[in-house]
Amino acid sequence: MGNILVFLEQADRRLRPAALSAISLSRAIHKASGGKLLFVLIGDSVGDAAKEAAQFGADGVLTVEAPALKHYLAETYAPIVARIAKEQGATTIAGCATSVGKDLLPRVAGILDAGVAPDVSGVVSAKQFRRAVNAGNALQTIEVLSDVVVVSGRQTDFPRAAASGGSSPVTAVAAGAIDAKGAEFVELQTQKRDRPDLTEARVVVSGGRGMKEGKNFAILEQLCDLLGGALGASRAACDAGMVPNDLQVGQTGKVVAPDLYIAVAISGAIQHLAGMKGSKVIVAINKDAEAPIFQVADYGLVTTWEKAIPELLAEIKKIKSAS
Amino acid sequence: MKILVTAKRIPDPTQKLKLKDNALDFSGANWQLNQFDEYSVEAALRLTEDGANTAVRHGQVTVASLGPADVATQLRSALAMGADKAIRVDAKDDELDASIVAKTLAKLVEREKPELVLMGKLAADNEGNDVGQRLAAILGWPQATFACSIQVVDGGKAVLVGREVDAGVEVKKVQLPAVVTVDLRIVSPHAVKSGRTKPEFAYAEGPRYATLKGIRAANTKPFEQLTFAQLGVTAKATTKVLKVEMPPARQAGKKVGSVAELVEKLQKEAKVI
Ligand SMILES: Cc1cc2nc3c(=O)[nH]c(=O)nc-3n(C[C@H](O)[C@H](O)[C@H](O)COP(=O)(O)OP(=O)(O)OC[C@H]3O[C@@H](n4cnc5c(N)ncnc54)[C@H](O)[C@@H]3O)c2cc1C
């Protein structure tokens with residue numbers, strides 16, 4: 001096998017947590033395949049993030065900088081990753097299955113005519129990977145047959161890598177001609193939240209359609225804050241406009257795997273379960289004893305949230321003040 | 001606008017999966033159109049009509065699928081919704097991978113010359129989420145994946161796409177021709193702005209149902225059947241599924257009688273608070 005090229009996401013001069021998951025994935029592949037481990041960072045100013053990346057024991061960190069690369073675009077980033085992979089003799093191209101990774105890596109594969117192992121949860125060998133399919137109801141072992149392997153890792157299955165010290169050489173690589181192919185980044189509509197990110201929180205409290213109205217989520221937010229958790233939601237709650245769409249947990253939303261997941265007034269449709277079944281401990285609060293969510297819950301409480309959540313807040317406050 | 005929509009059949013996601021010889025057993029599967037593809041059919045229809053008068057189509061919506069003869073059922077359902085024409089490329093489900101599908105679609109694009117390829121962001125069975133991006137790469141076209149809104153701008157020369165990304169919604173503008181893959185919310189009431197439909201017009205949530213008239217009309221609409229050989233596709237698979245297993249089942253836990261008991265269990269037994 002040849003070398004491994006890992007695409008690392010960065011923002012605000014820092015590596016993103018997803019980059020650390022990508023490093024974990026690449027270390028697992030590196031163990032199986034050997035070769036050089038190379039990181040690549042792309043943007044308008046990635047020097048600081050590259051310095052950070054240099055502490056993870058890679059054989060080299062490559063940076064590609066240009067003003068036109070300020071905003072991520074698959075059209076401009078993919079040819080750069082593909083070109084560097086060729087120049088560096090990389091036969092594995094890895095990244096994290098974030099909304100950027102899922103957009104970028106298959107385009108890189110299309111350019112290189114390579115097979116993709118998307119959103120994998122485990123590394124079997126340099127060319128074989130395990131991944132969840134059918135809304136998490138089956139596990140597939142997939143082999144990439146082409147010489148070049150493109151692979152993205154599911155963030156919750158690859159814990160953030162720890163720095164191994166040392167300092168990898170950082171090399172600037174020319175961006176070359178940049179052609180956005182008629183694509184243009186316009187804006188990112190986002191809400192700053194004080195709570196931890198859904199995909200990284202140790203505790204997630206999610207509300208469903210049974211919360212009835214957006215303003216009722218305030219009480220779940222109180223619970224989040226008490227537990228240092230993040231707020232999530234079912235699709236039904238997002239679609240009803242109770243909370244923003246980027247809080248959706250599930251097959252089409254975020255995949256989360258916290259230590260504690262509390263599902264409130266969520267029925268437990270397979271598409272929702274696909275996004276939270278990997279949680280260590282699952283609590284379900286639902287007034288319907290037959291709700292499917294109870295089949296995956298470690299602890300189930302059959303009651304309304306109107307009754308349960310105020311009590312839960314009071315009880316947790318009690319133990320927090322006692323400790 | 002001329003739009004090519006891609007369609008894949010998937011087994012009904014609510015059916016229990018069965019295994020046979022380390023692979024999924026589809027002998028008892030109820031096939032249906034992948035929901036995300038159904039949403040892209042809906043989006044294509046909204047892009048080529050005035051919402052107040054859906055009887056007139058401005059442009060053309062062609063639906064294409066790779067698969068065995070039975071796929072005709074799913075293609076007909078798209079025609080019944082209002083698409084104008086269907087193409088089936090004959091293939092066995094298990095000989096396809098993302099690369100073969102993308103290369104075949106590229107040939108269809110050469111032939112049909114659409115201005116827009118609309119696809120589901122993923123197939124809800126295999127969850128690959130990669131065919132659209134590969135196709136865009138092969139064609140050298142721009143791409144806008146995970147679309148939750150789409151608006152025709154610049155006199156029909158470009159589309160403004162809202163993309164559901166991890167941090168919120170990214171707005172991306174792409175010149176046509178382009179590949180757009182759609183997410184769930186593309187079927188919400190104001191998600192598609194064709195320029196023809198009045199801005200205040202609200203569609204019903206979700207994909208439209210086929211009317212009786214639509215179902216009858218579907219039987220007379222053009223339905224082309226092609227082979228890889230006719231299209232000149234010689235691609236080999238780049239991936240192979242070696243085996244499929246059931247994940248370890250999660251043990252259903254216990255019901256607790258009160259909030260106090262729940263908190264005690266979380267603290268003393270599970271040790272998570
Ligand atoms: C292609 C596709 C992709 C999808 N992707 C996702 C996804 O990513 N994430 C997702 O979540 N869904 C997804 N869905 C939707 C999914 O199928 C369900 O429709 C959705 O998860 C239901 O949300 P819910 O549980 O909040 O609502 P419901 O199913 O309506 O359940 C509401 C629950 O609240 C309970 N309840 C009501 N009032 C109270 C009360 N006062 N106190 C306590 N409990 C109460 C009810 O007993 C019920 O169980 C997808 C669907 C499709 C077709």
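Chain A and chain B bury about 6,700 Å² between them, and carbon and sulfur atoms carry 54% of that. Keep in mind that this is a predicted model. A ligand sits between chains A and B, and chain A itself splits into domain 1 (3–172) and domain 2 (203–322). Here's the rundown, topic by topic.

**Where the chains meet**

- Chain A brings 83 residues to the contact, and chain B brings 75.

**Around the ligand**

- The ligand has 29 residues around it, and the closest are Arg209(A), Ser234(A), Thr252(A), Ser267(A) and Asn286(A).
- Sorted by class, that shell has 15 polar, eight nonpolar and six charged residues.
- Thr252(A) is worth a look on screen: one of its polar side-chain atoms lies 2.4 Å from a nitrogen atom of the ligand.
- A backbone N or O atom of Val249(A) lies 2.8 Å from a ligand nitrogen atom, while a polar backbone atom of Ala265(A) is 3.1 Å from a ligand oxygen atom.
- Taken on its own, the ligand has 990 Å² of accessible area, and the protein covers 85% of it.
- Which elements give two or more residues to the shell around the ligand? From chain A they are helix H6 (235–239), helix H7 (270–273) and helix H8 (305–322), and from chain B there is helix H1 (35–47).

**The two domains of chain A**

- Over C-alpha atoms, the centres of domain 1 and domain 2 of chain A are 32 Å apart.
- Five residues of domain 1 of chain A are in contact with seven residues of domain 2 of chain A.
- About 500 Å² is buried between these two domains of chain A, with 55% of it from carbon and sulfur atoms.
- Ala135(A), Arg154(A) and Thr156(A) supply 77% of what domain 1 of chain A buries against domain 2 of chain A, more than any other three residues.

**Backbone spots to check**

- The peptide bond from Leu176(B) to Pro177(B) is cis, with omega near 0°. You'll find Pro177(B) in the loop between strand S11 (168–175) and strand S12 (178–182) of chain B.
- Asp12(A) isn't a glycine, but its phi is positive, near 50°. Asp12(A) lies in the loop that runs between strand S2 (10–11) and strand S3 (14–15) of chain A.

Notes
Residues numbered from 1 in each chain as written. Chains lettered and ligands numbered in written order. Predicted model: local features only at pLDDT ≥ 70, side-chain atom pairs only at ≥ 80, totals over all residues. Heavy atoms only, no water. Near = heavy atom within 4 Å. Polar contact = N/O pair within 3.5 Å; in protein donor to acceptor, adjacent residues only side chain to side chain. Areas by Shrake-Rupley, 256 points an atom, 1.4 Å probe, with all protein chains shown as cover. Helix = DSSP H or I, 4+ residues; strand = E, 2+ residues; numbered from the N terminus. Nonpolar A, V, L, I, M, F, W, Y, C, P; charged D, E, K, R; others polar. Domains from an automatic or database assignment. Contact = heavy atoms within 4.5 Å. Buried area = accessible area lost by both parts, 1.4 Å probe.
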